[in-house]
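Visitor: I would like to learn how to read a few features of a protein model. Please take them one at a time.

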Amino acid sequence: METKPKSEHLLALKVMRLTRPTLASPVVVTCDSMDLPGNTLNNELKNDCTALQGMETLAVGQFMVLPQSFGNIYLGEIFSSYLCVHNGSNQLVKNVIVKADLRTSTQIIPLSGSSREMKDLPPDSTVDEVIHHEVKEMGTHLLVCEVIYTPTNSSGTPQSFTKYYKLQVVKPLDVKTKFYNAESDEVYLEAQIQNLTAGPICLEKVSLESSNLFSVSTLNTNEKGESIYGLVNVLDTDCSRQYLYCLKPQLTLLKDPKMMHNATNIGKLDIIWRSNLGERGRLQTSQLQRMAPEYGDLRVTMKDIPLKVYLEQSVKFNCRIINTSERSMDLMLSLESSSSIAWCGISNTKIGTLKPGVSIDIPLCLIALHSGIITISGLKLVDTFLKRTYDYDDLAQIFVNQID
């Protein structure tokens with residue numbers, strides 16, 4: 001969209017977007033010579049400039065198509081434009097100033113570097129400039145180009161005109177995230193990235209910049225440290241890739257359950273891609289937030305469980321109890337056997353007073369009564385202060401092997 005000048009001006013402004021062409025394949029429509037159209041379609045196909053002579057019906061190769069308009073701009077790309085001011089008159093024009101601003105819904109961004117530089121423009125001469133800007137907002141953008149000049153045959157009154165160009169910035173990638181809070185205090189992040197552009201792209205870099213509360217390790221490489229998607233990670237239109245990351249909390253978080261519960265900021269994803277002709281784009285998400293796990297008054301986890309557990313043999317491990325409430329608790333431990341496990345030891349054991357934020361490790365022992373995957377259950381904690389009972393029937397799952 002551009003406005004027409006109210007009167008004829010001595011200067012003319014042309015604005016063109018600098019972008020790479022797109023690749024397109026020829027469309028083949030043909031039929032047998034015995035059909036109703038006869039050789040009409042085949043003759044038209046031979047005259048098509050995009051068809052390969054001698055192999056018109058094979059649709060071999062691709063050809064380049066130059067853009068006919070500004071088109072859509074993807075978020076994170078570099079918008080480049082060429083501004084040209086031409087003096088088509090037969091007189092000298094003085095004090096030529098070219099201004100270019102990009103207006104969004106929230107701000108006005110000056111783009112032209114010669115907005116304060118005045119130039120004299122002889123007849124049949126031009127003033128040109130290339131502007132660049134990394135697009136960081138979605139929605140409608142308005143490129144405003146203004147030309148100010150002073151004709152030599154007038155009274156010295158400056159004249160000006162303005163042209164407007166509407167740009168639409170759309171989302172190139174769709175990023176979906178899922179969080180899993182493990183019992184070991186680790187946080188696993190799954191990121192699904194979908195290509196929403198009109199053509200294939202190459203994901204050059206996908207990384208997670210974690211917050212200072214966590215240390216991150218990627219799970220998207222093999223034993224040699226190579227990407228599981230190969231050296232060239234090509235993603236077609238509407239296709240997706242999944243990336244998995246493991247975040248381990250810092251030691252300061254592990255020492256304080258309250259800090260661990262309030263550590264919801266995970267970090268942000270940094271994605272760099274290139275189009276099929278090498279145009280670079282970058283997208284960075286906002287801070288990713290996880291839902292903090294709710295432990296209640298007490299948190300109970302199993303520690304040091306053996307990797308191999310055999311049927312009807314004793315299994316020794318530690319049970320860690322953390323007081324996540326705001327008050328001190330006087331605890332008693334109770335164990336109840338089931339059809340899958342038999343606890344070894346004394347039930348109704350007094351643990352003692354546990355202050356807020358303090359943890360204690362209790363050694364336990366059990367015997368597996370069935371092979372396969374069984375669940376450790378039957379543990380109860382009783383707070384003798386408030387006469388409140390806490391049941392834990394799904395503490396962990398172990399695989400029990402048959403005796404060799």
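Visitor: In which strand is the place of Ser81?

Guide: This is a predicted model. Ser81 belongs to strand S5, which covers residues 78-87.

Visitor: Is Ser81 buried or exposed?

Guide: Buried means under 20% relative accessible area. Ser81 counts as buried because its relative accessibility is 0%.

Visitor: Which backbone oxygen lies 3.0 Å from a polar atom of the Ser81 side chain?

Guide: That oxygen belongs to Met16.

Visitor: Which residues of the largest nonpolar core touch the most other members?

Guide: The general idea is that nonpolar side chains tend to be buried together in soluble globular proteins. Here the largest nonpolar core has 48 residues, and those touching the most other members are Leu11, Val85, Leu143, Cys145 and Leu203. Strand S6 (residues 93-103) supplies the largest share of this core, with 5 residues. The core lies between domain 1 (11-18 + 68-170) and domain 2 (173-289), because both give residues to it.

Visitor: What does Val85 touch, not counting residues up to four places away in sequence?

Guide: Val85 touches Leu11, Ala12, Leu13, Val98, Leu121, Ser125, Thr126, Val127 and Val147 on that count. There is also a second, separate core of 30 residues, with Leu333, Ala368, Ile376 and Leu381 among them.

Visitor: Where is His133 found, and is His133 buried or exposed?

Guide: His133 sits in strand S9, residues 126-134. A relative accessible area of 18% is under the 20% cut-off, so His133 is buried. Leaving aside neighbours within four places in sequence, His133 contacts Glu77, Ile78, Phe79, Leu102, Ile109 and Leu111.

Conventions: Residues numbered from 1 in each chain as written. Predicted model: local features only at pLDDT ≥ 70, side-chain atom pairs only at ≥ 80, totals over all residues. Heavy atoms only, no water. Helix = DSSP H or I, 4+ residues; strand = E, 2+ residues; numbered from the N terminus. Buried < 20%, exposed > 50% of the residue type's maximum accessible area, 1.4 Å probe, protein only. Polar contact = N/O pair within 3.5 Å; in protein donor to acceptor, adjacent residues only side chain to side chain. Core = buried A, V, L, I, M, F, W, Y, C linked by side-chain atoms within 4.5 Å. Domains from an automatic or database assignment. Contact = heavy atoms within 4.5 Å.
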